[in-house]
Structure formats: C-alpha cells, structure tokens
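Dear colleague,

Please find the structure below, followed by an account of what was found in it.

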Amino acid sequence: MTNQDDQFKKVVSHAKEYGYVFQSSEIYDGLSAVYDYAQNGAELKKNIRDYWWKAVVQMHDNIVGIDSSIFMHPTTWKASGHVDAFNDPLIDNKDSKKRYRADVLIEDYCAKIEGKIDKEVDKAAKRFGDAFNKEEFISTNPRVVGYYDKIKTILSRMAKSLESEDLADVKALIEELEIADPLTGSRNWTEVKQFNLMFGTKLGASAESAMDLYLRPETAQGIFVNFLNVQKTGRMKIPFGIAQTGKAFRNEIVARQFIFRMREFEQMEMQFFIKPGTQKEWFEHWKETRMKWHLSLGMGDENYRFHDHEKLAHYADAATDIEFKFPFGFKELEGIHSRTDFDLKQHEEFSGKKLQYFDHETNESYTPYVLETSIGLDRMFLAVFSNALVEEELDNNTTRTVLKLPAVLAPVKAAILPLVKKDGLPEIARQIMDDLKWDFNVAYDEKDAVGRRYRRQDANGTPFCITVDHDTLEDQTVTIRHRDTMEQTRVKIEDLRDLIKKEVDMKSWLKKI
Ligand code: GAP
C-alpha cells in the first residue's frame, strides 16, 4: 500500500470515528457512492456552504440566490443536451467483470507519470539543496520534459477521440498504453460504450398518466429556466448573477474515492449573465475571484492549480478546473465555464418562450452569455477535511492526531471543560457554555482526565478548549488552549466571546478575498 492510500484510509476512518461521514444505510451494508453526514459533518458542510454563499451572494449586490426544485420538466434535459450528450465512456474488463470509465483509466495512467515527475523533482531538490530552481528543472531536465510531452500527447489524443466520438480509438489508446485492470492486472477489455449518467424516475399516481422525469444532474438548469423571472422581479441589470446550492444526482460508473465521486451530491453553482463579447474578461475575473476564495482558507497555496480543458463540454467556449491536491493527487474541485448563450438559446427553442434581456440604455434585446462557477460541496468538504488531518510528533516522544480545520469552518468552535466534576466547576462551565452558545456552536465535556479531553477535541477539530479550574472560583479567569499551537493562556471569562470571535468570525476570513 502506498503512503497516499494509507493517508486516504486514515481520512475515511477518522471521518467515521469522529462523527463526520457515515456510509449510507450502513446497517444494510451500505449503498455504493452514497454517504450520510453525521453530527459534525453536517455542521462542517453547513459552514462551507455559508462561507460560499456569503462570498458569492451576500458580498455582491448584483448576485442573488435561489432554491429551485430537483424535479424539473423533462424537456429541460432535452434542451440542455443532457439526454443526448451527458455520457461517460465506459469499458468492462472481461475477466474481472469490473466496469471502468475509459477516460479515468487513461487519466490515472497519466497521474502515474506525474508521480514519476514528482520523484525526479524531489531527488533533484535533495541533490541541489538551496540552489534548486524547480521551474528551471522541470522545463529543462530531459527526462521530465519527456514525461510532460508524453502526458500531453496522450491527453490530447484522448480529448480528440472523445470529441469526435471515436470510441474505438479510446480503446486503441488503452491497449497501446498497456493499461491493465487496476484490481486484477487483466488487459482483456470490451469495446468502449457511452453510458448516460442521469437517473430516471416517474411522477404521477397511475401507470398510464405517469410522466418520465430525471433527477437533476446539475443545479445550473434550475437557474437558466428562472433567468427571466429573477431578472424581472429583481430588476437585475446585466452583468448579474444567480446562485444556488442543492442536490444533484449522477449514476457514476466509477464510484470510489469516498465522497469525491458520489451518486447523490451537492453543488454550489453561480451563473453570471453578461453581454456577449465580454466573456473573456469575465472568465479571467471569476477564475481569479474563485481562486482567492479558496486561498482565503489558508489550506496551502501549493495545493491548488488551474487545469484548462482540452475537451470542452458541448456548451462551453472556454473552461478551466481549479484542482486541489487530494490524498490521491491533484483532482478537479471546481469548474469555471464560459457557457456562451447555449443554455438560454436552447431553452428558448424548446419552450417557445423568449429568454432575452432588454437593455434600457442601448434599447436593444439580446440573449446574454453566461459565465459559470460550479463547485461540489462534498468535494470541498473532502478537500478541507483531508488537508486538515495530521499526525504530529510531540516533544515528549508521543504523537497526537489533530484536525486542523480552518477555525471559521470548524463544527464546534470551543469545548468547555471543568477540571474536575465537583467543587462547583461544572456549574461555572455550564454557565460559560450557556453564554457562548448564543454566538457559537460550543460543546461541554467533563469525562476523563483533561489531557485526554484535549486530545479528543484536537481530533475533532475544535479550535479552542476552555478549562475551568479552582482559580476560576477566585478570579473569574479560565485557561484557553489553542488547538494548533497547544498554547495555553489565562483569560477573563468576560473576554472569551471576543477572543473566540476574532478567530472564527466569517467577516475577517472573507476580508482576505
Ligand atoms: N453545471 C456544471 C457542472 O455540473 P461539472 O464539472 O460536471 O459541471 C461541477 O460539476 C462540480 O460538481 C465539480 O467540479 C465537482 O466538484 C462536483 N461534482 C461533479 N460530479 C460529482 C460527483 N459525482 N460527486 C461529487 N461531486 C461532484
């Protein structure tokens, strides 16, 4: 097992042990690629959603939020292109009977080459020490340059074959690269076929009158079909945005990597309506703005990168992903797409209703272009959670497990701990908790020695522990311990609220954007 697999296993088991994420219907052996958020997970997820909503909606006077339904008229999906083109190329292994996404097999092959590049870079960094210049090394070292060329050639051939629906060539590429079933090593593959990812369902009581529906595979279409309603009732002027968060459903072929790729998941999307011809500037604007949002959480600038799409979706004229370094490597976290006027034009055509914007200044009507930002809430959860989980060596030769969640996102902001369960200390601790709970999600813990309680809260991601001891009875002060530094200071009870607020308040975090 590699270090990466090991680290990822720890992430999954920690998420379960500390009440973040459970397998759905676990008592019935679970449901593949479907997960439940537990008591801490639901809080963390809500905080991420709020952080996004505040940054995107509340901080922009020209962006509003909606909450459209999961069920939509079936023609929506004909118009959007999902009925005909929302497919993944699948391939089966004839020996293992396992099903894979052909493009993912090829991408994983390229990720292995990237792993080799990382190794070369590490070796060279050790060899050259302080004099090492990474940029120069990767652009001049013949072996590394060769690896990059190989990746580029493979990915552009795959993009071309997928674009032109040449599935035979996708299979040929898998064979030429000698890609084997990751589980069994077999290279006995079927042909590559297209597989539609939408879940079908029925609406209506009787078999005769029931209407065939789909569970929405993205939240974006709920925004497009409401474009004119929102524009008119909100008296919105271009450029303006409509945002929403909500569930989406995809019958993913490859259901692995925990909450990275789920069949039921949540998206946070924003469609920004702009004047045709201005899409290049807005594309750059939203790339930069969204990257700043990510970086504001302090999860390491080196863990993010842009990846421009070679193969554009049927609706886009430019697209990039913000990729994050997950425990299994750099993968897509958010997509930024210049969607042109594709969606509005399609809905106009299929509904027969005009979906145009009338510009009072120029006295002209036009179909706006759209710039989309789309991030998976569960994927963001995984990025935050996996990045936060660390094992630390301590001075006394012990280790601690600590979940260094950005304080603004932590489910519980402070735990209040009476040193002992007597002498009136629990009563004071409860009083502190009752005062703080109006502003923060706080917890009370009196079980076990205080050192063990600290460890428990570290592993839970709680940024502060507040300990009530016998001195508190005399001088109304408590010890406040910081999760990341383990530093302890003595403070007045009356100052606690402001001290915690300074660290966890969304305002100060959002100001970094
Ligand atoms: N409206 C555009 C759209 O849906 P997408 O790239 O298919 O674009 C956007 O999805 C984001 O949704 C992705 O960047 C990812 O974070 C998230 N996402 C997509 N499929 C997912 C899945 N099966 N499980 C979890 N998150 C997913």
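In which strand is the place of His337? His337 lies in strand β13, which covers residues 329-340; strands (E, at least two residues) are DSSP runs, numbered from the N terminus. Please note that this is a predicted model, in which local features need pLDDT of at least 70 and side-chain atom pairs count only at pLDDT 80 or more, whereas totals for chains, interfaces and linings use all residues. Residues are numbered from 1 along each chain as its sequence is written, and side-chain values use heavy atoms, with hydrogens and water left out.

His337 is buried, its relative accessible area being 11% (buried means under 20%, with a 1.4 Å probe and protein chains only). Its side chain makes a polar contact of 2.5 Å with the side chain of Glu372; such a contact is a pair of N or O atoms within 3.5 Å, of which, within protein, one must be able to donate a hydrogen and the other to accept it, and residues adjacent in sequence count only if both atoms are side-chain atoms. Beyond its neighbours within four places in sequence, His337 is in contact (heavy atoms within 4.5 Å) with residues including His309, Tyr315, Val370 and Leu371.

Strand β13 belongs to an open sheet of 7 strands with mixed pairing, in the order β3-β9-β10-β16-β13-β12-β11; two strands pair if DSSP finds at least two bridges between them. Because β3 (63-65) and β11 (304-308) each have a single partner strand, one side of each is left without a neighbour in the sheet. Within this sheet, β9 (residues 240-249) and β10 (residues 264-274) run antiparallel and are joined by 10 bridges, with Ile242 opposite Gln271 in β10.

A further antiparallel pair consists of β22 (residues 477-482) and β23 (residues 488-492), joined by 5 bridges. Val478 stands opposite Val491 in β23. The hairpin of these two strands has 5 residues between them, and Met486 takes a positive phi near 60° there.

As to domains, whose bounds come from an automatic or database domain assignment, the protein chain is given domain 1 (1-69 + 214-306 + 316-389), domain 2 (87-196) and domain 3 (412-510). The centres of domain 1 and domain 2, taken over C-alpha atoms, are separated by 26 Å. Their contact takes 8 residues from domain 1 and 9 residues from domain 2. About 740 Å² is buried between domain 1 and domain 2, and carbon and sulfur atoms give 52% of this; buried area is the accessible area (1.4 Å probe) that two parts lose on being put together, summed over both.

Yours sincerely

Definitions and conventions
Helices (H or I, at least four residues) and strands (E, at least two) are DSSP runs, numbered from the N terminus. Buried means under 20% relative accessible area, exposed over 50%, partly exposed in between (1.4 Å probe, protein chains only).
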